[in-house]
Amino acid sequence: MSQTIRCVVSDGCRSGWVALYALWLIAVTVAAPTSATPAAPLADCQAQSAPPVELTPAEQAFLRAHPVITLGTGDHWEPYVIVGEDGTVTGYDADVLERIAALTGLRVRLLPGDWRERQEQTLSRAIDGLSTGVVHPERAEHLRFSAPYIRLQKYLLVPKGNPLNLQSRDDLAGRAIALHHGNLFDEKVASGLSHARILRFDTVDEIIDAVTTGDADATFDNGSLLYRANRLGRPFLQFAFDLNEPLELVFAVRDDWPEAISIIDKGLAAMGEDERTRLQARWFLSPLKSPAGTDEILLSDQERSVLEGLGPIRLCIDPDWMPFDGLTADGRSQGIMAELLNLAMARLGHTTQLVRTASWSETIQLARDGHCDIVSAVAITPERAEYLDFTGSLLSEPMVVVVREGARFEGTLDAHTHQRFVMVAGHAGIDMLRRAHPALVIATVPDVVTAMRAVSLGHVFGYIDLLPTVAYAAREHGILNVKVAGDLPQRYELAIGVRKGLPLLHSSLSRAVAAVPAQEIRAVRDRWISVRYEQPPDLLRFWPWALALALAVLGVLVWNHHLQRLNAALRAANTRIEMLTITDGLTGLYNRRHFQERLPSEWQRAARAQRTLHLLLADIDHFKEYNDHYGHPAGDEVLRQIGALLIQLTRRAGDLAFRTGGEEFAVMFTEASVSDAERLRVAVEGLGIEHAGSVTAPVVTLSIGFLTACPADIRNGDPPLTDWDAIYTRADVLLYEAKARGRNQVVSAVWQAAAAEEGVVAPGCKSGPVASSNAWRHDRGSAAS
Ligand SMILES: Nc1nc2c(ncn2[C@@H]2O[C@H](COP(=O)(O)OP(=O)(O)OP(=O)(O)O)[C@@H](O)[C@H]2O)c(=O)[nH]1
């Protein structure tokens, strides 16, 4: 009976077919209460052309016996599987399975957890199978597979900026690739890479950490890791190239339940590729494709003719308000709002033309004068409503207070009326705050960076802006001695402004904006914003009630809870900013501050393990002359290239590379020899960067001091804390000597910390030449220049 009901013509389905559908529904339910429940609800008729699914008697019997089956999956495989704080599971897999349940009646419970453990549980039949897996012979021994429910490409995922310039598989020789234990597909891809080093990690978050910090050079991804990294507030990764390894994910169910797989397959077939592609577009970030033209909104004839009459819509933006709005080097709009506007315009089926402006004030002036048809990223204010209509709000952002590290914000602006704050001129929040806090002193500055610097240098107490703006500026401009000290009750609603007098453009654009799903908006936002921030509950609203009811004790508890959550959110935000404080922005190497922290701790570790620590200090020769001759930007490029080389040459576990000053670098190795230092020197020379100002060589060269430090016998205690200082000083003297001997060379020595007894040395030093206690000697000098 069911196959006679088709949902083919949408209007027909809605009217005449409704009665038939209802009859069929009743008939199916009465005749076979446990068989397949009917297909898509009526509301889906327009979108679905799939027939309801017909099940065989064996499949119906299976459903009666197993109305719910349990499939294991990984717990960090967003967006396939997203585990909410309350344990609810959403994501692409959940969406597909929900549709299969609606189409076939087979309900699947997803059980996220450790992926290796889940695979083992399928062996013992503790669970019924797996979601989010690939077809693999090992699994085929006890599981059956469904048809693919998603087809994706695998990409190489690398740190932002692709510092090693990895463009193809050939570039992966000698590189460290991070993989997830138990990911059979990735293992297979990796086995095809000759000479790559494979590092295996237990969790996806560890992989993200490893690639972000440079412990690994890259990993494989199809959008899932990138999604997770951005959700963690670490948008420091990007795709490098397509590995050309199509990935098909399937559901797998224990092999004695063939009916489960045949039911799932029927559900997938009834859904069709189109519906799955639409779901994909909802969950996955670029570069995965969105289905073309699927979501275009319907326009009235008048709306269409207004759009046609307008031609490309004149778009005005704020040229300097990243990550919301900004311009690329070649003059295109970029940022969250540019991407959201593109999503809306795709639904409108129309295009925009950018009207270039130099500042936000100029943009607003043009908008007032009617030279912009639309203005992106405008806050909705009564003043602007005089010349703009607004679409619905696309983003709602908290306003935060930024203060200098060490300064204390009391939680409310009223406690700081004796101090000075800055905000960016033209910011709609200025009026908002002046109305709420008339005594507050707010000075205006031209842009975000000036505001951040004013706080960083202590010229003003605080800076007020939206959280994403602050986080972005801190990251992009390396202003790191500031912190997000608190949030304000005011939120900022960002919408697209439409020139007054264009009501039909306003109505159609508003519908297009409303048609952009919340998930897509969130995905765009997550991709651009590094600090994710949990907004604490607005407890102030409840205080009067608490007082009125004299529940003072309860009130105090609630307030404490509020503070704890606020503190936790602030700690999280600060931790992320902290991560940035150990990296040198120009080269991506660790910075001097981190060097000063790591040298003592690495030395302590070496001493405890009774092994050597090698410290290499390097300095570019005649760099001043290079800058003088070729200019500072060219000098920066040299620093970047040498930084990239250092990253390449320090790939062993335990190698740490730093930029310790202008043109100075340092590397700590746990295992190395002077030939590693020599290799670096030769590699820099081999870069062949012309240096007309150098009297040493026609190309850029490095002078290097290389010290092998051997700890004393500390079986009876800790190493002296000051030893590390001696290591640095001695390595520096070696570097100085390399310069003095004519540059472009390595001078090295072995240094033995004071031994507890005469003749007792660390095992790692026995093979090397060891001088007497606390003494050091040169063992090699290459006169390469
Ligand atoms: N381009 C660029 N130059 C920098 C940076 N930091 C420091 N410098 C320059 O590095 C140069 C270092 O000069 P010096 O310390 O005199 O050393 P040098 O010219 O390399 O001479 P030797 O070390 O004796 O071979 C100075 O001109 C600095 O301005 C930077 O981030 N970018």
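Predicted model: local features only at pLDDT ≥ 70, side-chain atom pairs only at ≥ 80, totals over all residues.
1. In total, 16 residues surround the ligand, and the closest of them are Asp-621, Phe-623, Lys-624, Gly-635 and Gly-662. For the shell, a residue is counted if its C-beta atom, placed from the backbone, lies within 6 Å of the molecule.

2. As for the elements behind this shell, at least two residues come from each of β24 (613–620), α22 (623–630) and α23 (632–649).

3. Strand β25 covers residues 656–659 and strand β26 covers residues 664–669, and the two pair in the antiparallel sense over four bridges. Within this pairing, Phe-658 has Ala-666 in β26 as its bridge partner.

4. Elsewhere in the chain numbering, three strands form an open sheet in the order β13-β14-β15, and their pairing is antiparallel. The edges of this sheet are β13 (320–321) and β15 (333–334), each of which pairs on one side only.

5. Looking at one pairing of that sheet in more detail, strand β14, made up of residues 325–327, pairs with β15 in the antiparallel sense over two bridges. Which residue of β15 stands opposite Leu-327? The residue opposite Leu-327 is Ser-333.

Notes. Residues numbered from 1 in each chain as written. Pairing = 2+ DSSP bridges.
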